Structure formats: C-alpha cells, structure tokens
Amino acid sequence: MKRTFLALLAAVWLLLPCATDLTADIVLIKNVSVFQPEGNYLRDARIVVDGRKIRWVGQGQEPSGLCFDKVIDGGGGFVYPGLIDAFSSGWQKKSVDEKAAPKPHDKEVRKSRAERGITPLARSVEHLKLSQGEIRKAARAGFTVVHVVPGGGTCSGTSAVLSLTGTTAADTVLVADVFMLLRLNRNRRDYPTTLSSVLYEWLQLQEDARFHRDMAKAQFRDIRLRRRYAPDLERLDEYFRAGRGWMIPVDNLVEHRLAGKWMRKSRQTAVLVAGPEVWRSPVKPGENLVLRLDFSPDPVSRYAQLGEKLAGKAKKEVYPRELAAFLLDHPRTCLAPADAGDFKSLLKNLRRLKKNGVSEARLINALTRMPAALLGVDDYVGAVAPGRLASFFVTDKPFLEEKSRILRTFIEGREYDFSVEDKSSKPPAANLTGAWKVTVTSRMGVFELQLTLEQEGNRLSGRFSSAMGTMDIDEGRMSGTEVSLTASAPIGGQDTVLAFSAQWADGRMKGTVSMGTFGEAMFTAVPEGQDNNGQAEEAI
Amino acid sequence: MKTGALIIGLLVLAAGLNGRDLVLRHGTVYTFDRGVLADTDLLLRDGRIFRIGKDLKTASGTEEIDLQGKAVIPGIIDSHTHIALLGGINEAAENVTPEVDMADQVNPDDPSIFYCLTGGVTMVHTMHGSANPIGGRNVTLKLKWGGSAEEMIENRATRTLKMALGENPKRAGGGKTLPSTRMGVTAVIRDALIEARAYARKRSVPARGKVRGPYPPQARNLRLEVLQQLLKGELVVRCHSYRADESLQLIRLAKEFGFTIRAFEHLHQAYRIADELAAAGIGISVFADNWNYKTEASEFTPFGMELLHRKGVVIALNSDTSEIMRRLYMEAGKMRRYAGMSDLEALKTITLNPARLLGVEGFAGSIREGFDADLAVFDGDPLSGASKCVLTIIEGRIYFNREKDSRLKESGEVKS
Amino acid sequence: MKTLGLLLGLVFFMAAGLQGGDELLAIKAGCVHTVAGADIKEAVVIIRDGRVEKVLPQRELPTGATVVDFSGKHVYPGLVNPFTTLGLSGIAMVREWNDVREAGEFTPRMSAYTAFYPWSNLIPIAREFGTTVALSAPMGGKISGKAVLVELNGWSPEDMFLRREAALVVNLPRAPRRRQVARTGEKAKPDLTAKGRKDVREYFEAARRRWRRLRDGQTFSPNPDLDAVAACWTEKLPVIMAVFSVKDIRFAIKLAKELELNLILRDAYSAEDVLDEIRDSGHAVILSSMYAANREWEDGCDKVFRLPARLAKAGIPFAFSHASAATAFDLPVQASRALAYGLSRQKALQALTLAPARMLGLKHHGAVAPGFVADLVVTDGDIFDSGTRVEAVFIRGRSIGFTSDFQREARAARTRNNRP
C-alpha cells in the first residue's frame, strides 16, 4: 500500500508542470467598493486579477476579451489594500538564549563585537520561519505584507520585507536588506550595559568604521601596520556614509531622546519605531516615524507609575486623544500593530483613533500606502491598482466600523476564504485528545497515517505523521459531531491544503479528505490500539 | 489685593505661568549676607528674585501669597543622588567608562522628583554609580516636575566625572579580575590617565603610508577624549571614597596629572584628613550621621564635622537615597549639634555649599537679588523635623504646594 | 558656648566622683519633663538607691545629698526603644557579626538573649544620645523568636538583662510594591500575604492546642518551637506582630481575640484606615521609623508621618522605635518628624518613654516620678531638636561616662594622635 502512495506522488511530480499553469487563474471580483488613497471609495467596482497581479480596477464593465476562471461576487463588500505590518520581530527562528552559569566578568577584557551583540552582517532573510497557520492568522486580520526585523543586540542586522505567499524564503521575500536595525538593548554583563554606553558604542563604531576605511586606502610597507579586514565594519561604513537606512525602536521618552541625540551627533537619519509615549517627545512634522499602536502607558512612564486611576485614564482618554492629535500634526507617521501577531487590539485602537478625529483614509493609508513608501515597495503593494500585486482583503462593512468582518483575503492572487466560518459553533460532542490511526482510501489505494490530536474547547491541534514525515495541523475544529481539520503539505514543491471533514460517532471518525486539485478521498480514523473492524470503504 | 489668605492666593496661582510677577509677603527670609530677615517680602519676576524688602509695592494684579511668618530658605540642593535616571546607573562591564553620560539618561517621569519637591529640594546632582574606578559623567538637574529632560538639565553647572575608590570597585572583580585590591583601583585610574595623556586627537592615516613618530595611526577614541577633557580642566572629579588613605592617594594622583578633585563623596573618615582637604581646597558631600552599613563605613564620628568646619572644608550634605532627600533639612539641623554650627551655617550645608561644589553659586544656593528664584517655604524652624515644607518654587514657578497637591492626588490627576 | 556647658557638666561629675547607688543624689535642672505629670520648671530631682524619690519644684536641697548642678538644662526620662537590633548586629553588610535573622520561617525557640553582645560599640553610642532601655529583637522569617529587654549599661549580659524573654516577634509578609516592575524590569513578585497570614494562624492554633493538652496532662514528644509559643498564654508574653495592610491588621486583631494573645501591632502602615477597630481592640502600636517613605503614590507623600498624630487623636497607645542598630541613637530626632504633622510634644515624649515601657511590662521605667527607676537624660534644649546636645545620662542613678567611639575618634582627630 505504501508503494501505491509513492506511485501517486510520482505521478503528481510528473504532472507538476501542467499543475503550475493552474495557478495562473484570471479571477473577476465584482460588486465591491474599492478604497482609494484619497479617501473615497470606487463604488460598484470590479477587479480583474491575473495570476499574482491586478490587471484592471474600475467601475462599469471590465475590458472585453478576458476569459475568467473564477468569478467572485463581492456582495457589496469593501476592498482595501493588504495591510503592511511595518515592524515585526516574529516570522523568524528564535535565537537560542544562553543560560550559561555566570562567570566572573573580567572587566579588563572586552569581548568581540559579535559576542557583544553588534552583528551588522546578520540578515533576517537568513532566519525566516514561516508556517501556514501563522500566515492564515495574519490573512484573517488583513495583513499581507510584513517587515521582518532581526531581534538581538545593539546592532542586530538588516531587515526584510515579505509578502506572505508561502512558507519558503524564495516565495515570500519582496526586498531583502531594507533597514539596518539599531536597538537600545543593553547587555547584561558585556559592554554596553547602560543606555548611554549604547549611544557611545554607536558613535565609536562610526569612528572605527571610518578608520577601517582609511586604513584600506593607506599603503604600508610594514606588514604589521596593515589593517585586519573586518567585514562588519565595512558594512557599517556603507550605511554611515549613506547617512540613512537606520531603524531604531524606542519605547519611552528617554530612549527617544537618546536616539535623537545620536542622530544629531553622528549626522545620520533614522526611522524611529516609537511606542505610545511619542506624543510627549518633540518630533518634527516632516520626520519619518512608525508608531506601534498601543494605548497602555509604558511601565516607566509617569502615567503608569502614579496610580491605577491615572494609568486607566491615560489608557482610555489621554493617549487616544493625544495620539490622534499627534497623527494629524505629523503626516509622515505610519502605524503598526503593537506586538508581533496581536492584530485584534490593533483594530480596536484604530477605531478609537477614528473616534478622536482621525479620518479613515489617514488610518488606512498609515497601514498601507505609507509603510509601502517607507519600505520602498510601493511599486508592488500599498494600493489596489493595476500593476500592483493582488494583495487585498474584502470586508462586509467599512473596515473601521464596529463589527466589520473580513470575508476574504487575497495574497498575490491566492484566496483565503473566511466567509463561511461559523463563529457560533456547537459545543464538541467528545474529547478527541489522543493518538488515532487514520486510513485514507483513494483511487490509488489505501494509505495509513498516525494522527495525534489535542483538543481545547472547539479547537483541535496536533499533527499527522507517517514514515514520510509529519504535517502539522493548521486549523482544526469540532462543532457537535462535525470534525474539520486542515493541514498543508508541500506536494511537489507546492503547498497543497488537505482539508479533512468528518463525522464523529461511537469513538471513531469517518469522512472525506480533499487534496486541493488532486481530488478527494475517503478516510476513517480509529483510536490507536483499536482494531479497525470495518474494512475500508469502497472507493468512489 | 493684599488681604489674600494663603488659599485664595493659591487658587489664583493655579495658572502658575512663568513671566508673571509673584510676591511672597511676610516671610522670615534666611539670607547669608544679611542674616535672617523677619517680616520680609520677596518679589519674583522672570524666574529671578527681583527684590527683597519690607512692604514691597507691586502692580495691581500681581499674584500674592501671604506667608504669615513662615520661613523661606533657598531651594535645597542635593549634590549626590541617583534619581531621575533610566537605563542603568552603572556601566559595570569595564573599569574605565568616562564616555557614559548620565545626561543622556535623564528620566523626567521619576516620582522621586516629586518627592524631592515635598522636602524642599529644588536642584539635584544625579550621578553615575560607584562600580568603576572611573565611572561616567554626572548631570545637574532642576527638579521641574512635569517638564521634559531638556528643561530640567542645568547647563550652567560644572560638568563632573565620577570616580570610585574602595570596596565597590573591588567587589565587581570577585577576587579574580583587576581590580581586587585598593592598589589595583589606583593602578587602573593611573593607567587610564597615562593613556589619555599619550593620546593625540588626530591620528589620521597618512596617504603614502609613511608613519612619522613613535605611534601608529589610531582610530579616534571617544573615551580617551573625555579623559583629555578632564586633564584640561573642563571636567572636575567627584570621587566616592570612605577611607582617608585612599583619598590621599587620589589627591596625590591629581597633583601628578593636573586634574581637579571637587569633592569626595561619603568619606566617613574625612575628619582624619581635615588639614589635607582644606589645603587642597576639596570639599566633602556626606551624610550627617548615617554610617556602619559597610566595613569601610564603620570608623566614623559625626562630631568630626566640627574639626572639618573649623578648618574651612566645604561640607555639603547629600541623600544618595530617595528617602533621605525628603528630609535633608533635618540632617542640616543636626550639624548644629555635631559641628557647633549656627543656624545659618547649618543651612549652608544644604544650600550654598552644594552650590559651590556644583559651580552654581553664582545664581543658586542663596537668596539674593538677581539670583534664580529657587525657594522652599517651611511652616516652622526650617532646620527642625517639627516643621515641613509647604511650598517649593523653582525659577519663580510653584512646583509643590502641599495643600493643593493633596487634593489633586485624591482625584487621580498628576500635577501639570 | 554649648561646649563650655558640656565641659562644666562633665567636670562636676569627675570632681564629685559620683558612684550613685546607695547615695543620695540631687540634680538641679532648669526644666524636668516628668511625663507622668506636667513639666516642672526650676526643679530638683532627688535620687535614692537608684530610684527617683521625689521631684521638688523649689530649690530645696536635702542635707547629705551630692548636688549636681544642671541649671538651665532639661531633664527627661531615659528613652525606651521598643524594637531594635542593638547588640545583635554590627556592620550591616558583614554577616559574620549579624545575629538578627535566623534561617527558617517559624523559629519561636530562638531567643535573642542567647546572642546579645554587650560589648558592641553601638551600645555606648545609643546610650550617649539618651536611649537607656531597649528591646533587642530577632527579625527573620514569620515567627522570628523571642526578644530581650536590656538596660544599656553593664559588663556581662546578665548585668544588662531586664527580662530575658520579653516578647515574641511575628512578621507578616509584605505585598510587593506595584511599581517596582518598571524600575528593575523583573517580573512582578507574587503576593504571598494571604498564605502568610494563614500559616501564622495555623501555627498559633497548633501551639495553643498543644499547650492545652499539655496542661490537661497529656504527654507529647518534645517540640521546643511550639512549647516556646506557649509562653504567650502562661506568662501573657507580648506578641509583637508586624502588620502592613488593612487585612493584616484585621487578621491580627481577630487572632488575638480568638487565641487570647497579648498583641502589640508593629509598623501598621495602613492603620489610619482602621483606627476605630484598633482602638476598640485595645492593642498598642509600635511604629517603625519615621525615616520611611510611602510605598505607593496613591498613599500620599506623608502617609507614614501623619499616622502618629492620628493614633494619638484616636486614643490608641503607641511608641516610636528605631530598628537599625547603627543609627538607633537618632531615635528622638527621628520621632520629631511626627511633630510637623499634628502630634503634640507631650504625646511624642510619652511615645518615647512611658508608652513603650508600659507596653513591654515595665512598671517603673519611662517617667521621672517617685518610685521610678532613675534613668535620666540631661540635655541643653528640647530633646526633639536636632541641635540639642546630650550633656549627661543616668542609668539607675549612675552617670554614664561618654566614652563611645564617636567621642574617642573626634578626640583623636583633633590631636592627630592614633592612640589617644
């Protein structure tokens, strides 16, 4: 039976070239209102998506001579450009935290730059870790593009812009090496351990980089005077000479002031990624800024320290009001979600800003067009217009109104359909936690898999495993006796979504699995250790 | 209207605008040049003390406060604290870190600033910690609660560099790395100063590659540039020290390299070297009688202040904690007992003397016409624990008003 | 001028060669603060056999008495510090010389008198500034052990002990500060106060059950800890319990009522919210240092300092204390901070002398009145004033020589002589 499944895979592999043509669909989306950057909507509009790009957007009839593979009725919904997460520390492999035993720190010896957290050669593109589940979660919130920044020390490396099309770097990276990140992170034992030392570390790096460059020009006969090549200093020197390309996250007033001081002393321009305290700092109106939208006062802020009443009042009234005024005075401020992955609070905060007087257009632009311009990808994303990537989402009501829902999200043409989700599901009939033996019957034969499930309320999670490998379950749901699971497997280099839907009865599950374009099969699942009484169903 | 009671006057002052005149009437004013003046008025204009006198005439509409005999002293200056800083007060990774500057890390949101105001403190010298033989630079702040860091930093004060001797720098080594003894501490300081002396600013790389002189080209070293400022006299040293002998060693180093020590911090054994300190013109910034918390603080007598005062050493009292700073006036009162000082001389230890150490005695630390209007009002003897500060004014603006602020706290607001 | 007065006073002592004890001593003073009654101006204090015989308002000098002239000076009763670590701790950071905190949460069998060090250099200093009686207490864990009541004069321990086991020390845990997280960046510490109260209650109940059964004749295997607690019921030993929040105070009052404890509340940071309950319970309060700050912004900057006046107004007996041994001499100036917030001098003085003495069961200490022990402090001014100097200290009618480290070091420095 295993051999037959291998044969199936071989067949798929052979058929692959034909399969790729299937993704170059031409899709028509009609009966929608398209958001325009000026603030108005294009009513009764239609969008033509050709493969990964938008071919045409307009009102009235689309150009003739197009043969549509799929026509979607938007149902009077609203289309917005895919949101851009302008500052995300996620989507990467977490670096291993050293928990070595504390050694007596030798104050006379300074560790190398890399050991102290100065790693300008690190690149986010080299540490990506994407999973379909995360992508789906981002798509559900309307995010299609993320700006991934490296975590780490004082100079942590360069960031990258990803378009969430797949789980491999080759698919997703739009631009690699966008900004060089400088962080006001203090080391615990090695220099620098105070904020002021971080500032001087940066200034001294500038001097060292300049000296490194000068020494390359000089020609010494004495071999001992020749410089030792330092690629990290060379990379830094490029950025220092350009004078820009830096990004500095700042959390509170002190850090903001320090970053400004560095920019003045070193004559560099940096994009600051600021927290909610930014309205208390002096910021020039023309300055580029990314504001992480979060109304909780920073723990060291006066508002947080001077009593619960004041902190609550700041969160509910003062900060939304002041940040709204700040946004109106500073037109070049982009917005970003507060934490990597915390999208729900973003929507709530956007609505609060709208209540305090910021226009919808300004808010949507701050999440789409302006970050695209900042990141240099405004030729690809940031607006729903011909020639751009087909990354946008459709809502049933204007996005910033209460109780709006995202019905569909398109990421470079690939559709994520959220409209059929039933929010109110029935309570599960049983607890399916445990190990199961799954038997899949298809035209090609019978195949067995192991399934481990964990259940929490309605949600199921776990993995399928076989001799060939494991597949994580992206989404699982049990409502009453209906069970549905989705997993994605890279079959032939492409992510194919396997959707299992079954009925649970008497301790076993029975249902169908659809393998995307490869058709459907039947499957049964019994708890591990049980005898599979019933024979596999007859093939359809 | 001259008949305003304190409450009415304060309600009028709720605007608290700069640039408006403010007159304090019928106060007992402690001046150092004219003694204690009873029933005297103070006219404050444009952030300065404009006039001191009896029954001053003012334009109508001037805000008035009737002090009803309360004591007015110069705003207290605390010359050794660690408040209002964020991001680490000790660069503990290396032994010599003069490039660190506390002025970069000023945190205007620290509630300790407000607590200082409740004790009548208007200016603080907030410092780097004492983990390194040569620490970082310190900063002088005026406690304008509600303002930004730029507004608080007092740019007219002398810039100071923190050094530390004794147990604290030794402790970080753990017995395994330099410095582990007092010899090591002095050696580390000396090594750094020798390097600074030898450091030349421009070591640019010659185009043809021919190197002249004994030194190879060097990158610009920002750390040594700060030490060069010290050797040139643009920075003065404030050195944390407890034992008299290690202080004498630093005085010797200062003579060798030509830098200035402005004051020793804590120096519990100062009374043993009163003559040397007086001869070198070095002051001390100390506790009145807090001692015995460390081994090097275990040999002490507060009655030694008498000898120091007699020899003319500048004695400033400091807090070094966020608790003592609220009661510096009580500590100053103790100097009457320990050093035999009069009331005004004891008051100087928390006003004029720290001002001298910080280089601000030209405009702060005493009540004189033309000086900054930094004042504290007490409801009794300003040196006694039986009175408390009721009003604190910085540059003519009220930053603490005991009656009004207790009401604000109940409503959950923050002042300004 | 002041130094001259001090010098004259000392000269009188040296010349007179006073021994006290069995002689008749007459101390002339400008003002005697009796505490038991009103202040008496231009008085004479007659001391016989180490006790005050009478305080005469006129200058009637009995015959055969050795006269000491402190005209123009003030006489106070010797101060009583009802919670300190004198004799148990030396240099704070040096663990070897510190016997204050034993390991373990429940160690009632620890007795401070077994660790009291009479030759500590801090004792003469405290004495020279007016403290004559002190309760030296252990402080580790939840039930720390038993404190010792000492008179601050004597050579060997037995000379100094007024009572070997004077009180049982209990400490409820303190809630972590809310805003601490911001400063250190650490996670907020868990709040263990409820568990602490529960553990303390269970321990006392267990001790009481055991005591009852032992009393009724049952025998058990020995348990020195629980048996040590039994003194709370056999001798009515005072239980000094450190309480901080309102819940702690209510818990302590309830526990004392149910288990018949002779309770004294210590610190009582939140007492001003439950003044009526404390008054109705009849328990006394030992205040922690007035050199303390409010813990949370909402409490208000003068939270600690306004409490004594409110306790006085509510009629709750209270006393000042100073726990740190090195600065225990500063007790009167520390207490003076409460005067700024509405406490009268009379009440403040009582809280330094008579109130702590009574709380700890001393019937003849804390006042200058007939029958009381002749512990006296002679100053050149108001004892609460930080400019006042102490001219002389009497303990049981004997004058104390001023030979502490403070005096010795100052003398040596004046002459720049290492071995004066």
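Start with the largest nonpolar core, which has 373 residues; select Ile47(A), Leu143(B) and Val45(C), the members that touch the most others. Keep in mind as you click around that this is a predicted model. Now colour residues 308-329 of chain A: this is helix α8, and it gives the most to this core, with 8 residues.

Next, zoom in on Val45(C). Leaving aside residues up to four places away in sequence, Val45(C) touches Ile27(C), Ala29(C), Val32(C), Val52(C), Val55(C), Val75(C), Val368(C) and Leu376(C). For a second, separate core, go to chain A and pick Leu460(A), Leu485(A), Val513(A) and Phe523(A), which are among its 21 residues.

**Chain A, by domain**

Domain 1 is 23-82 + 382-421, domain 2 is 83-93 + 111-381, and domain 3 is 434-527. The C-alpha centres of domains 1 and 2 of chain A are 31 Å apart. Where these two meet, 23 residues of domain 1 are in contact with 26 residues of domain 2.

The largest share, 3 residues, comes from β14(A). Colour that side of domain 1 by residue class and you'll get 14 nonpolar, 5 polar and 4 charged.

**A helix in chain B**

Now select residues 328-338 of chain B, helix α10. Is it enclosed or open? All 11 of its 11 residues are buried, so the helix is largely enclosed by the rest of the structure. The buried set even takes in charged side chains, including Glu331(B), Lys334(B), Arg336(B) and Arg337(B).

Just after the helix, stop at Gly340(B), which takes a positive phi of about 65 degrees.

**Where chain C meets chain B**

The contact takes 32 residues from chain C and 35 residues from chain B. On the chain C side, display α1 (2-16), α11 and α14 (405-415), which each supply at least two residues. Helix α14(C) gives the most, with 6 residues. Colour the chain C side by class to finish: 17 nonpolar, 7 polar and 8 charged residues.

Technical notes:
Residues are numbered from 1 along each chain as its sequence is written. Chains are lettered from A and ligands numbered from 1 in the order in which they are written. This is a predicted model: local features need pLDDT of at least 70, side-chain atom pairs count only at pLDDT 80 or more; totals for chains, interfaces and linings use all residues. Domain bounds come from an automatic or database domain assignment. Two residues are in contact if their C-beta atoms, placed from the backbone, lie within 7 Å. Helices (H or I, at least four residues) and strands (E, at least two) are DSSP runs, numbered from the N terminus. A residue is buried if 20 or more other C-beta atoms lie within 10 Å of its own, exposed if 12 or fewer, and partly exposed in between; C-beta atoms are placed from the backbone. A nonpolar core is a set of buried Ala, Val, Leu, Ile, Met, Phe, Trp, Tyr and Cys residues joined through C-beta atoms within 7 Å.
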